[in-house]
2 protein chains.
Amino acid sequence: MTGTQRILIAQGGGPTAVINQSLVGAVLAARGLPQVERIVGARHGVRGIVNEDFVDLMQETTAHLERVAATPASALGSTRDKPDLKYCQNILEVLKAHQIGHFFYIGGNDSSDTVRIVVEEAKKAGHALAAVHIPKTIDNDLMGNDHTPGFPSAARFVMQAFAGANLDNAALPGVYVAVVMGRHAGFLTAAAALARTQPDDGPHLVYLPERVFEIDRFLADVKSVHAKHGRCVVAVSEGIHDASGDPIASKLATNVERDAHGNVQLSGTGALADLLCDEIKAKLGIKRVRGDTFGYLQRSFLGCVSDVDAREAREVGERAVQFALRQGQVGSVAIRRVGDYAVNYVLQPLEAVAARTRVMDDAFINAAGNDVTPAFRDYLRPLLGSDLPQAHRLRGAAVEKVLKR
Amino acid sequence: MTGTQRILIAQGGGPTAVINQSLVGAVLAARGLPQVERIVGARHGVRGIVNEDFVDLMQETTAHLERVAATPASALGSTRDKPDLKYCQNILEVLKAHQIGHFFYIGGNDSSDTVRIVVEEAKKAGHALAAVHIPKTIDNDLMGNDHTPGFPSAARFVMQAFAGANLDNAALPGVYVAVVMGRHAGFLTAAAALARTQPDDGPHLVYLPERVFEIDRFLADVKSVHAKHGRCVVAVSEGIHDASGDPIASKLATNVERDAHGNVQLSGTGALADLLCDEIKAKLGIKRVRGDTFGYLQRSFLGCVSDVDAREAREVGERAVQFALRQGQVGSVAIRRVGDYAVNYVLQPLEAVAARTRVMDDAFINAAGNDVTPAFRDYLRPLLGSDLPQAHRLRGAAVEKVLKR
């Protein structure tokens, strides 16, 4: 006896290291239900839906799905399309044609907004639809979530990158500036602070989009750290902006590129790091100044995953299917911290998440606005997962000089 | 009964993921010899020697040394100083004052040249000195070596980065250009090719400093790949240059910075990737074009190590001590491949390595000059180590369209 229910699942927005865990979590949970007749995946998110570009997820073997789950970046493909009402009506038309009664969209706040509109249109059209938004974003900027799947693995990458960059900078002293993703929320940049082990370890300065960035203040900070340690490691969010809200990155860009959401392109260019390095060289007269932009590596690097993140990403996919297929509910799955460290999953109204942005609590940012607080480190530490590599330096007992006593 | 022999060890040039394995390999081997009275490490390479900035490596615990060995970047600190004759004479003066009879310098070809000059000066001065150069460089450009410690781990990072970037680019199609370190030798950039699993996986194009880079040819290549796959992933060496040998990077740099060796600064700036992306956008009219520069992550990232590399880096340190202290020899330790896969270590004359640069064999580069050959992949594969993460994609059986049949 086969079931009668048909399920559609898709992935939207930027890839993460664990977004396929959520896909596989949902698919395997649904395949275990006798009422499920068909599970299709849309290629490249909502664009694949309107184009009816579907793959049959019933035909994937379980062993292979497990391997896909452990692979970073959206296995179904993604899209930057931000559907308007007409687009959502087209989505609904396809859902009806394919007799889809359950729709799961894995993505960020824009994706949850799409789910919200499609659900509204389905109600108006009298089409029974249980749709659930499954959270993911390395930016950690979804309302009502303690944290979002994808962020912990990206944070782990940033931490490991800064731990290494700090050692490199200690070996060959100078100023090192690295730009980290995060347009409005500084969580990922703040993760750099977890790289510190010794009191003089970098990053010595951390600049977040939650605070106004003043170039003179920045230069004074760098000068002060460099005078104290003979070197300086700086973590900067790509989203830093001046008092009027203009991105520092756009101040020098000759060809500003904007996406479908009207946002200036911040990633995929090393311009911001280069600008800040040029300022340091010119104004502080420090010679060895180097800038890196972590770029796409921080969200897609193969082989840098927090096991806590992988497990939770799997669970939000499974819980989404439980909410929709067992309970007929509509909403957005959210992670709530219920212990130190334990989590629970709840279903939020889509309106609570859709098109809204969470930023860092004031309690996570120091008074000077150039570092995080111990509260942030306590918040992040359990998310980074097990077997975190650690940096160790020589204790280095000094030997007495002979010639230059 | 204590010994009478005093040993000095230092690290030079750019850090690697396993350079501390060589340090600890040498230190532990020397500590096991009864004739050794003292082992000192110079902070920041040759600069630490002339400044008598030494640490006592007899006082480090073995357990701690093992943890330092597993930490990337030069634990003793490094330097970009390139000693001339006078500088080398100052080094010798310090060696004599501290009664150093054995000198080990872990570094690239410039470091081996320093060892060569110091040994010559010691001979002239009648100071008995057994000095051995211990190889390291992520560039893999030392003569007489099958490969150099540090390269395999950096190659593994590049491979993992491109495997992830390829998945990201498949999820959100466009053109992706990533710039990899390597001024004259393209080995590290070429490692990107090992990221491919499926026939249409990127990097689709690989540009090496061993070939002249022509921007028109490059654009035609990108256009062709993009037309075929709807996307294109490109690996570019920072050292690409035009027919006259001028770095492509310096063609746009406003403030060209040169190091003590007279080389233009290539790392620590995203300029080359941005230039290439601008060209693609302007000339090919492709909208989604993104550039990354792997920067310092590829040589210092905490937690990306080839176990083969770690083991060999440890061994070259141990062999150096055996050559110098058991056999009184002078030279440069080299790795020779003697099987598939097995290696042996030999001692080369310093002149064979000093200030010379190995580049990729013609047999490793395809005729078009925009990819590697199977021979290169066979060469590199065993070096990447065990437990290499792998990328898996959905098999994706298509579902029949309903509306748009």
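## Sheet, helix pair and chain contact

In chain B of this predicted model, 7 strands build an open sheet with mixed pairing, ordered β3-β2-β1-β4-β5-β10-β11. Strands are DSSP runs of E, at least two residues long, and helices are runs of H or I, at least four, numbered from the N terminus. Strands pair if DSSP finds at least two bridges between them. β3 (54–56) and β11 (342–348) of chain B each have a single partner strand, so one side of each lacks a neighbour in the sheet. From one strand to the next, the twist averages 30°. Strands β4 (102–107) and β5 (130–135) of chain B run parallel and share 6 bridges. B:H133 in β5(B) is the bridge partner of B:Y105.

Chain A supplies a helix pair. The axes of α4(A) (85–97) and α5(A) (109–125) come within 9 Å and cross at roughly 65°. Axes are lines fitted to C-alpha atoms, for helices over the stretch in contact; angles run from 0 to 180 degrees between N-to-C directions.

The two chains also touch: 67 residues of chain B are in contact with 66 residues of chain A. Contact means C-beta atoms, placed from the backbone, within 7 Å. α6(B) gives the largest share of chain B's side, 9 residues.

| α4(A) with α5(A) | 8 residues | 2 residues | 1 residue |

Ala, Val, Leu, Ile, Met, Phe, Trp, Tyr, Cys and Pro count as nonpolar, Asp, Glu, Lys and Arg as charged, and the others, Gly among them, as polar.

Residues are numbered from 1 along each chain as its sequence is written, and chains are lettered from A in the order in which they are written. Local features need pLDDT of at least 70, and side-chain atom pairs count only at pLDDT 80 or more, while totals for chains, interfaces and linings use all residues.
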